[in-house]
Amino acid sequence: MEKSISNKEIADLLRKVAAAYTIKDENKYKFQIIAYQRAADSIEHSSSEVKDLWDEGKISEMAGIGPSIEAHLDELFKKGKVKHFQEIFKGLPEAMFEMLKIPGVGPKTAFKLCKKLKIYQKKGAILKLEEAIKLGKVRDIEGFGEVSEEKILKGIQELARKTERILLPIASKIALEVINYLKENKSVLRADPLGSLRRQCSTIGDIDIAVASDNPKQVIEHFKKFPNKVRMLEAGERTASLIHTRGYQIDLMIQPPSAYGALLQHFTGSKHHNIKLREIALKKGYSLSEYGIRPVKKGEKLEIGSEKEERPQGKLIEFATEEEFYKFLGMDWIPPELREDTGEIEASLSKTLPKLVETKDIKGDLHLHSNFSIEPSHDIGENSPEKIIQKAASLGYEYVAFTEHNPSVSQHSISQILTLLRRKKEYIEQLNISRINNLSIKAINSLEIDIKPDGSLAIPEEGFKFLDFAIVSVHSSFIMDKKRMTERILKALSYPKAKILGHPTGRKLNEREAYEADWEKIFQFCKQNNKFLEISAYPDRLDLPDFLVKEAAKVGVKMVISTDSHKVSQMDFMPFGVAVARRGWATKEVILNSLPFEKIKKFLLNS
DNA sequence: GCCGTTTTCGGCCCGACTGTTTTCAGTCG
């Protein structure tokens, strides 16, 4: 019986190996440590399960996995453990690896604490450490003091809090508020979000803001007076941090306009993007940093026993814009959404970066809940179809689809359901010829239908004739094995009128994991049968996730970006769905609702 | 231990901060 091992578990194991090597002999194993950390990163960020790749014999295709680690993983999957790893772990207390979870505690610190405090067992290790600190026992250990006790304690508290990551729309709103405030000061020449927010990740850690200014002191003073804060954390010469009243940390970094490009580039990341970029730069003889680019000459060969040699450094070259920064390295500017080291650097060097879809390309919203009284089992929309059409017009759309939830099955007879569906069809038809039509928004009569656990759809067969097309979605029985869930979804998509799979993975950010399904199989089915996958712009869904968008597009599946709005204000979420698509390398060619009505008709209304 | 538009051998990203030290080790992004 093979035990399934998740990517996270494998990555954790490889990081343990790296930590163990650090303790054994950091200098001797210096490059093994890096190699194992890289392999761990690579696996953790992989969009496919390593176990699946192993089954297919494709594990060595992963970056950072060579013959040695491949052999170890082979052993891991076959026997459930790795002899070589066991030997490396020998003599190291399990408790040490537990303590590594504490922010600010690395291998050396963890090992020392375990040894000196005689904490060996994994279970309760952090609790015992906390007790030892409270008894003042840590300050007596060489290399520790009262301040480090406090620091570890804070780390333990932080670990316990495990603060949720901020949803993209919330982070965007807060960042905009801070940026607008900063711009009130005339010393602020430019201000932009940084980090995962600028890369438009679906969830954000801290909110980092870049400012271009020749007068950093004045900017910091202004920042210190930001009204919506709990307190300042620190304020230095060109950096400052505060806690926003919403509880999130806001970091500020300032550079003169002449060096602003390098600042933006550096702190936008991602870490992996930057590492790869610096490696490439170094081969061309340049060293990159947040201040700019510096030519370097490789040092002479090291003498045996000599200390590490400084590379002779040239004069720093500054960059006002990111475009110039990348251009200097012979690259096209890379949209921040792509900067994850998943091929964008190579594409930039070969001038083959995709032209990503933009919000202005979107011609309509195909997932909207109005307040039309269809007596659904799930939540009803807040606003009338007419109001939604007005909003659509203000967004420059050509069409909208009304996709209320299906009438509840338990509360209605079949004939009642058919009556409701007929009534809605007639209503939408009226709408299309009514005076609201002079806004020339085409209304499409659709429905979001529950996929029942057996894959059948929750309206009677005769009901489909009242629909232009249907979105089908899983709203119940999320826990189901992969095979059954895949069959369930494929069966639902087999209905002729079922065209779009709504919020395909069912994930809820900070709340619920995606259910398991064989996405490759679903992608193939969609491609062959002209079915489409939704990219939900709804803030806690953002589903399909970006990496699956990329895979779906690779297979040739078209997608639809929709807001799943339950009130008109939510129709403004569209850019967040576009952000997910962009992170998935989507061009407008793979986004169905970038097409005008006449063209989507043949895809959606053809059965 | 991994990897290759300078290499199949000889390299391997960059800088800041912090706390404990009197010159540096550990951790982080």
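Analyst: A residue counts as buried when its relative accessible area is under 20%. Please keep in mind that this is a predicted model.

User: Good. With that cut-off, is Thr505 buried or exposed?

Analyst: Thr505 has a relative accessible area of 1%, so it is buried. It lies in the loop between β15 (498–501) and α20 (519–529).

User: Which residues is Thr505 in contact with, leaving aside its neighbours within four places in sequence?

Analyst: Thr505 is in contact with Ala514, Tyr515 and Trp519, and also with Asp543, Leu544, Pro545 and Leu548. As for Phe478, which is 27 residues apart from Thr505 along the chain, the two C-alpha atoms are separated by 9.6 Å.

User: What about Asp206, and where does it lie?

Analyst: Asp206 is in the loop between β3 (203–204) and β4 (207–212). With a relative accessible area of 39%, Asp206 is partly exposed. Apart from neighbours within four places in sequence, its contacts are Gln249 and Asp251. Gln249 is 43 residues apart from Asp206 along the chain, and their C-alpha atoms are separated by 5.6 Å.

User: Let us turn to helices. How many residues of α22 are buried?

Analyst: Nine of the 10 residues of α22 (residues 574–583) are buried, so this helix is largely enclosed by the rest of the structure. The buried residues are Met574, Phe576, Gly577, Val578, Ala579, Val580, Ala581, Arg582 and Arg583.

User: What covers the buried residues of α22?

Analyst: The cover includes α10, β10 (364–368), β16 (532–536), α21 (546–555) and β17. After α22 comes Trp585, with a positive phi near 65°.

User: And how many residues of α13 are buried?

Analyst: Helix α13 (residues 260–268) is mostly covered, with seven of its nine residues buried. Those seven are Tyr260, Gly261, Ala262, Leu263, Leu264, Gln265 and Thr268. Gly269 follows α13, and its phi is positive, near 65°.

User: You mentioned α10. At what angle do α10 and α12 pack?

Analyst: Helix α10 (residues 168–183) and helix α12 (residues 216–224) pack at an angle of about 125°, and their axes are 10 Å apart. The two helices are therefore oblique to each other. The crossing of α10 past α12 is right-handed.

User: Which residues make that contact between α10 and α12?

Analyst: From α10 they are Val178, Tyr181 and Leu182, while α12 supplies Val219, His222 and Phe223. Five of the residues in this contact of α10 with α12 are nonpolar, one is polar and none is charged.

User: Now α1 and α7: at roughly what angle do they cross?

Analyst: The axes of α1 (residues 7–25) and α7 (residues 107–117) cross at roughly 70° and come within 9 Å. That makes α1 roughly perpendicular to α7. Ala19, Thr22 and Ile23 of α1 meet Pro107, Lys108 and Phe111 of α7. In this contact of α1 with α7, four residues are nonpolar, one is polar and one is charged.

User: Finally, what is the mean pLDDT of chain A?

Analyst: The mean pLDDT of chain A is 89, and 96% of its residues reach 70 or more.

User: Where is the pLDDT below 50?

Analyst: It is below 50 over residues 299–310. Beyond near neighbours in sequence, that stretch has six contacts in the model.

Technical notes: Residues numbered from 1 in each chain as written. Chains lettered and ligands numbered in written order. Predicted model: local features only at pLDDT ≥ 70, side-chain atom pairs only at ≥ 80, totals over all residues. Heavy atoms only, no water. Axes fitted to C-alpha atoms, helices over the stretch in contact; angles between N-to-C directions. Helix = DSSP H or I, 4+ residues; strand = E, 2+ residues; numbered from the N terminus. Parallel < 35°, antiparallel > 145°, perpendicular 65-115°, else oblique. Left-handed = near helix turned anticlockwise from the far one by under 90°. Contact = heavy atoms within 4.5 Å. Nonpolar A, V, L, I, M, F, W, Y, C, P; charged D, E, K, R; others polar. pLDDT = per-residue confidence, 0-100. Buried < 20%, exposed > 50% of the residue type's maximum accessible area, 1.4 Å probe, protein only.
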